[in-house]
Amino acid sequence: MASAAVRAQVAAKWQESFNRLNRNEPGISGLMTFSEAWTLAIEFLKPRDLSDPAPPKQYDLNKVRAAFGVVGECRRLPVMMEVFLEDMRKSQHLITREVEAYMMLYEVKVSAPLQFVVSLNASSQSNSDPEAIRSLVYRLVEWYNAWKPTADLGPTMISAYTLAFQTHIFSVLPPSFARGIKAVVSATLQRTVSQSQDPQDRVLWQAFDTLSLIDRYETLIASIGYEFIESYVEETCAGKWSEPVLATLRAWMVDKIVPWMLYPFARGATNADEAKTMMQGVGSRFDFHMHKTLCNLRTKEIFDIIVDFPDSAGALQDLKECLARVDQRADLVQALRQANNKRLLHPGADTKDILTHYVSTIKCLRIVDPPGVLLFKVADPTRRYLRDRPDTIRCIVASLVGDGESGDSLVDDNDPIQPLQQPEMENYSDPEWNPEPIDAGPDFRASKSSDVISTIVSIYDTKDLFVKELQVLLAQRLLAVKDGNFDRERRNVEILKIRFGEAALQVCEVMLRDMTDSRRIDQHVQSQKASSMHPTIISRHFWPALESSDMVMPGQFQILQEQYAKEFSVFKPDKVLRWLPHLGRVHLQLELEDRTLEADVPPLEAAFIELFSEKDIWTIDELVLRSGSVNRNAAVKALATWVDMHVLKEDSEGVFRLLSVAEGPTPRSRPQAPKPETGELPPVMSVQQQQAEQMRMYWKFIEGMLTNLGSLPLDRIQSMLKFAPGYDRTAEQLGSFMEAARREGLVNVKDSMWRLGK
């Protein structure tokens with residue numbers, strides 16, 4: 001029973017298929033017509049060998065269309081498509097063979113034509129290697145068009161054919177094909193940029209589109225444009241910082257690169273608006289790459305750009321725009337910090353050069369990043385390095401008071417003078433308040449000050465160090481003035497009042513008033529009793545410590561001092577003069593038997609030559625003893641001055657004789673007296689020297705602690721020293737002093753415990 005039902009079902013299906021193929025015609029005439037149509041259609045679609053020299057068979061296209069219509073009516077088009085694709089797969093070796101031949105011509109650089117490639121003509125053999133790739137592309141398009149089904153069969157069959165054809169060629173193309181494609185595409189870009197386009201370029205891009213090579217190698221094609229942009233930016237923008245170049249680069253992109261981009265990325269566009277829409281994404285990527293390339297270049301040059309500021313302001317504007325576009329702030333910070341460590345922050349660099357570069361860095365990075373995050377990250381190593389240099393404060397102060405003789409100042413004369421800016425707490429109620437940038441660290445504090453000096457002074461935790469150094473430098477400059485004109489120093493003090501405040505500069509005001517009072521007092525004393533001595537009288541409690549000496553002026557110099565002191569006590573009975581005879585200059589006129597000399601010398605030289613008026617021969621030890629036990633090296637230097645002037649002669653080691661009559665081949669010649677040294681400032685003790693002297697005062701306290709309590713850690717010594725009157729040193733300063741004492745053998749340290757040396 002079951003077999004009968006199956007037989008009935010099969011019979012019904014067979015009858016249905018027969019009727020469909022026979023198309024309800026009498027007998028089998030319809031079936032015969034379908035058979036003829038099927039044969040014609042399959043024969044027409046069968047792939048042919050393009051390298052076959054025999055002419056292709058000609059078909060009546062009307063009969064072919066009719067045959068396709070019969071097959072379609074019989075609903076056999078899917079089967080015909082499968083047969084066609086199978087025939088195509090069997091013929092794919094023909095394409096493979098030609099691909100291998102062209103690629104061999106490209107890779108191995110064959111000069112003679114291969115025997116089995118009949119389509120290679122003489123022109124393609126004689127051209128450069130990329131032409132083989134171009135010829136291969138054109139040849140593959142010929143194969144594609146030759147095997148492509150007619151449009152009558154519908155888009156489904158054409159899509160299936162295209163997919164099968166492209167799948168095969170992509171599977172047989174070797175990796176070197178990508179290199180060839182790159183060379184061919186690069187040539188089209190070069191021609192477009194140079195405005196010498198080849199009419200065949202459009203045909204070539206259409207061939208790429210036909211074979212879907214643009215989609216497959218889209219990344220490669222884009223990389224060609226990227227590389228061309230990189231080379232152009234490097235060639236035209238490197239080292240050119242005076243003017244912004246971004247606008248020029250954008251114009252160049254529009255004029256040169258965009259026309260080339262239309263071929264691969266706006267294919268099929270019928271008008272400008274369509275092309276603009278199609279290129280929106282890829283155009284943005286190319287614009288991004290242009291900004292990134294320029295940003296990389298400026299990041300690599302950033303150290304030299306800062307050195308060249310302000311002539312490099314144009315490059316900084318470009319860098320600011322590029323960073324807003326590509327966000328390579330971390331790379332900029334790393335590059336600048338590495339350059340600073342390599343080229344600036346080392347012992348061979350002068351402190352003034354480091355400060356000058358730091359100031360330029362502040363100005364440049366404020367242009368690039370107004371909130372100051374980049375400056376905060378870049379400047380930290382520089383600030384720490386400057387803080388550890390002993391002469392940093394002196395260099396800053398020298399610039400503040402206009403002591404830079406080279407003309408290089410840290411402060412622009414055109415900048416407004418502003419008070420030092422103090423750190424402020426965030427005011428969240430300020431309507432103009434903005435949150436900190438997202439890349440700001442936890443320690444970052446936005447600086448609203450544009451004053452460079454405030455930024456430099458903030459290297460240190462307190463401004464007291466600067467005020468003390470200002471006092472030292474002002475003292476040196478005041479004591480060096482010979483003509484009594486203190487206008488420059490007075491102007492500097494007024495400027496510094498604005499920066500540091502009135503209270504901090506009170507001592508400087510006293511120093512200036514002392515210089516004026518000193519001239520007035522000297523004029524009064526001279527009016528009472530004329531004297532060749534013109535001392536500078538200063539207030540001991542308000543001036544920085546001057547270098548001390550036990551020197552005593554002998555003979556007529558001592559008499560002059562006593563006479564002047566007597567007249568001074570009459571004028572100022574409540575004050576007492578304490579002479580510093582080792583400071584100043586003495587103008588002498590020496591009358592010898594055969595000559596007269598004039599000399600402007602330091603007091604020690606004058607004291608020695610005065611002693612020679614008592615007797616003609618002195619030993620150096622006798623001179624030192626009579627002059628108040630001065631330093632022996634200073635004594636040797638002072639005597640050498642007179643020996644060089646042929647006033648004294650060293651008869652034996654340490655024994656000097658006065659030459660009342662000149663000796664030598666030219667006894668009548670008049671030796672030139674040494675000119676006063678104008679470059680040396682008076683010996684005012686520096687802040688470091690004053691601190692060292694003050695720390696020696698506390699040594700007795702430290703010595704007593706270590707004697708009574710034994711070994712102590714540094715923090716314990718620091719906490720106990722705070723009970724000493726006037727002690728205000730930090731733990732770091734105490735550590736430096738203890739280390740110096742260890743080098744002198746006064747103390748020893750083991751496991752961070754300090755004890756007295758044996």
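This note covers the nonpolar cores, aromatic pairs and charge-over-ring contacts of a predicted model.

1. Basis. The model is predicted: local features need pLDDT of at least 70, side-chain atom pairs count only at pLDDT 80 or more, and totals for chains, interfaces and linings use all residues. Numbering runs from 1 along each chain as its sequence is written, and side-chain values use heavy atoms, without hydrogens or water.

2. Main core. The largest nonpolar core has 142 residues. F177, F208 and F286 touch the most other members. Helix 4 (residues 77-108) gives the most to this core, with twelve residues. A core joins buried Ala, Val, Leu, Ile, Met, Phe, Trp, Tyr and Cys residues through side-chain atoms within 4.5 Å. Buried means under 20% relative accessible area, exposed over 50%, partly exposed in between (1.4 Å probe, protein chains only). Helices are DSSP runs (H or I, at least four residues), numbered from the N terminus.

3. Second core. A separate core of 31 residues includes L604, F612, V624 and V647.

4. Aromatic pairs. There are 14. Ring centres must lie within 6.5 Å; planes under 30 degrees apart are stacked, over 60 edge-to-face, the rest tilted. W143 and W147 pair edge-to-face, at 5.3 Å centre to centre and 85° between the planes. Both lie in helix 6 (residues 129-147), four residues apart. W143 is buried at 1% relative accessible area, and W147 is buried at 2%. Ring pairs also link F84, Y144, Y161 and F165 into a cluster.

5. Charges over rings. The criterion is NZ of Lys or CZ of Arg within 6 Å of the ring centre and within 35 degrees of the ring normal. K615 lies over the face of W618, 4.5 Å from the ring centre. The charged end of R216 sits over the ring of Y217, 6.0 Å from its centre.

Note on methods:
Helices (H or I, at least four residues) and strands (E, at least two) are DSSP runs, numbered from the N terminus. Rings of Phe, Tyr and Trp (its six-membered ring) pair if their centres lie within 6.5 Å; planes under 30 degrees apart count as stacked, over 60 as edge-to-face and the rest as tilted.
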